[in-house]
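Biologist: I am new to this structure and would like to learn how to read its features. Could we go through them one by one?

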Amino acid sequence: MLTAEGLSCFPRQMWDKVLSKVKNSVVFIDDWCAESLHWVGGATVFLDAGARNLKQFSSFEAGGENEPKAVFVVSTLLKGRTADIIKDIISLSHFQYCIVFTAVAHSIHLLANNVTTELEGSPVFEQFEEKLCEWMGDMNFTAEVMYIPLSFAPVSPQLLLAPAFGDLFPLHSGDLESINRKRPDKKKFGHLSEIDVHSLSPDLQIEIKSLVSALNSMFEFTNTREECFAVGPLSRIIAGDLANYPQAKNRRKIAPNKASIVFIDRNLDLAGAVGHHGDSLVEKILSALQPLTGHRNDIQVDMVELTGLPPTPENRRMVAPGCLAQPQDSAARALWDAMLTWKQKEAVMEVRRHLVEAASKEKLPIKMSLGRVTAEQLSSYVQLFKSSQEALDRHWGLLQLALATTQTLRHPTLARWDACLAFERLLLQALGDSDRTAVLKQVSSLADPAATETQDRFSLEELLVLLVYVYAMGQWAEQKGKKGAEQQVEHELIGALTLALSRETELSPLLQKLTGCPPTAGLTAQKARIAMERVFGVLRDLGHARDHLKQLRSIYQGGDGVHQATYRPFLKQVLEDIYHPDRPDCVDIEHMSSGLTDLLKTGFSMFLKVLIMSTRLLRPSDILELLFTTDHLHPDIGV
């Protein structure tokens, strides 16, 4: 029987193929593959497999004079920028044996080279092997190139991420206009749902087909025949491409396992991603602490607390940070799963329980205390382990997770989190009592610097997050006869936000991308206005993201005299429709595979637990970047 745990083993099995080739080599690995590796054991598994060194995939790196063997692990096509970097590294080294692993299938390489028919063998890889020998300086040296799907990161047994596809995001009407500009009048698309994969940019086609290829490899590994379903225009394209994937035809005829895979566009519910009503400890850790360098789905844990050094900025830079991923520590892994899925209160209590149990096993002088768990209490427990190097070594993973918890509970952003949550609740109730004009006026009041105390003032990015929350609620906003008044309030709000943006003394990285200006110079009122007009164009589009749906049109449940208004997560609604035995199949969940099927209901029963797959773990700030500053039609594919 196919299980979620079986699928989550796939990434490690793929990495084992790489590990079998790294003995006595220096390994160069790009950021997205490194992030996937991070969740199956990190650099340690390479060193344990006999690698001499592990280095960043960069033109500024090279092998040593006595390092004749190199292994390159990349998530991209073997052309353009990626090929240039490999050439630069080899040119600065003394390699006689090079192995290149790419996470992009040979069929995608053919597509990137405008070859539309399948060829025997792997001619693109064979040509690249010749280039490797040429760059090494001797055609008699050894070169190997092979495809291994290294796209997935097993964050937990029930959650797989695909870091290399973290910028893949649903299109909006501005993207539709860009596509239509290149098409004759009679062939222009009227709606995003009409777009097919062939009308997309070549870069986006390659991105989508690379994801589809990786999914196909996973289903091959688990001997699974999948039925593909979709909710949303981009998901429809991806699911359709997987359903019609030529290399999957034979597998589907003989595969003993069956499953349904449902693709869902993320923009159908961004209220959950930007909202602060989630009661998840991990959600707050990801928002409060700085990302681990080169990673999107893990954070830096300050480990100075476990040294004898004072907590100065210099010492924090000197001491390597901890992180959340602890795949080789079973106790820490169990705690991580609880932190990821339990409510914050229970998760924090579980952190305390693990610390108490570990301290007791090590016979450390722990003072038991009941009641509310505090950051100070957890920190005092962590400090006990400093007295024993052996205890530190045995519980290193647990201590990193515990410190991540204490540093989050102490973090000043938690107060801002609560302030945003309070205002979101106010907006949520106002959605049922007022039209959108009144709600936007409430947001506009926060943009007025004279209307709020300095300590209570919302930053510009916080205001943008609140606006995404408001517009993501969507359908409640349609009010007859209110359009003119609403446009006037929007106009005033754009003016207020333009003024707020113009007054920024130093632009954050997001605001730099939004305006196209450097941190401290070049921003004019006109540029600020253009940026805000563009933001509201995307927001209006977001408000209509579910217009094409029939049953799943709303994520807002209005209140009454007894119950308050509530947010209804879109994914929860989808799963309820799938699992409820008495409900007919939801018409909004479109079947993309050929032939008749009843697997939407029965396919999920093949899993012992539901497996969730996502491109990345999202912070509210990530949504702002994906919505307002990402070129969805032209992803960076390394060329």
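Biologist: Which residue in β4 is the bridge partner of F72?

Modeller: Helices (H or I, at least four residues) and strands (E, at least two) are DSSP runs, numbered from the N terminus. Two strands pair if DSSP finds at least two bridges between them. Here V100 in β4 is the bridge partner of F72. Strand β3 (residues 69-74) and β4 run parallel and are joined by six bridges. This is a predicted model, in which local features need pLDDT of at least 70 and side-chain atom pairs count only at pLDDT 80 or more, while totals for chains, interfaces and linings use all residues. Residues are numbered from 1 along each chain as its sequence is written, and side-chain values use heavy atoms, with hydrogens and water left out.

Biologist: What kind of unit do β3, helix α5 and β4 make?

Modeller: A crossover is called right-handed if, with the strands pointing away from the viewer, the path from the first strand over the helix to the second runs clockwise. β3, helix α5 (residues 80-91) and β4 make a right-handed β-α-β unit.

Biologist: Why is β4 described as largely enclosed by the rest of the structure?

Modeller: Buried means under 20% relative accessible area, exposed means over 50%, and partly exposed lies in between (1.4 Å probe, protein chains only). Strand β4 (residues 97-102) has five buried residues out of six, so the rest of the structure largely encloses it.

Biologist: Is L204 buried or exposed?

Modeller: L204 has a relative accessible area of 2%, so it is buried. L204 belongs to helix α9 (residues 202-221).

Biologist: Which residues does L204 touch?

Modeller: Contact means heavy atoms within 4.5 Å. Not counting residues up to four places away in sequence, L204 touches L168, L171, H632, L633 and P635. The C-alpha atoms of L204 and D636 are separated by 8.9 Å, although these residues are 432 residues apart along the chain.

Biologist: Where is N257, and is it buried or exposed?

Modeller: N257 is in strand β9 (residues 257-264). Its relative accessible area is 17%, so N257 is buried. A polar contact is a pair of N or O atoms within 3.5 Å; within protein, one must be able to donate a hydrogen and the other to accept it, and residues adjacent in sequence count only if both atoms are side-chain atoms. A polar atom of the N257 side chain lies 2.9 Å from the backbone oxygen of T222.

Biologist: How many salt bridges does the structure hold?

Modeller: Side chains of opposite charge can pair when their charged atoms come close. A salt bridge is a side-chain nitrogen of Lys or Arg within 4 Å of a carboxyl oxygen of Asp or Glu. The structure holds 23 salt bridges. One of them joins K21 and E144, with the closest N and O atoms 3.0 Å apart. That pair links distant parts of the chain, 123 residues apart: K21 is in the loop between α2 (10-19) and β1 (26-29), and E144 is in strand β5. K21 is partly exposed, at 26% relative accessibility.

Biologist: Which parts does the salt bridge of E625 and K513 tie together?

Modeller: The side chains of E625 and K513 meet at 2.8 Å, N to O. E625 is in helix α28 (residues 620-628) and K513 in helix α24 (residues 509-515), so the pair ties together parts 112 residues apart in sequence. E625 is partly exposed, with a relative accessible area of 29%, and K513 is also partly exposed, at 47%.

Biologist: Which residue forms a salt bridge with D622?

Modeller: R616 does, with the closest N and O atoms 3.6 Å apart. Both D622 and R616 are buried. Salt bridges that share partners join D167, R296, R616, R619 and D622 into one network.

Biologist: Where is N114, and what is its phi?

Modeller: N114 is in the loop between α6 (106-112) and α7 (123-136). Its phi is positive, about 60°, although N114 is not a glycine. N114 is exposed, with a relative accessible area of 70%.
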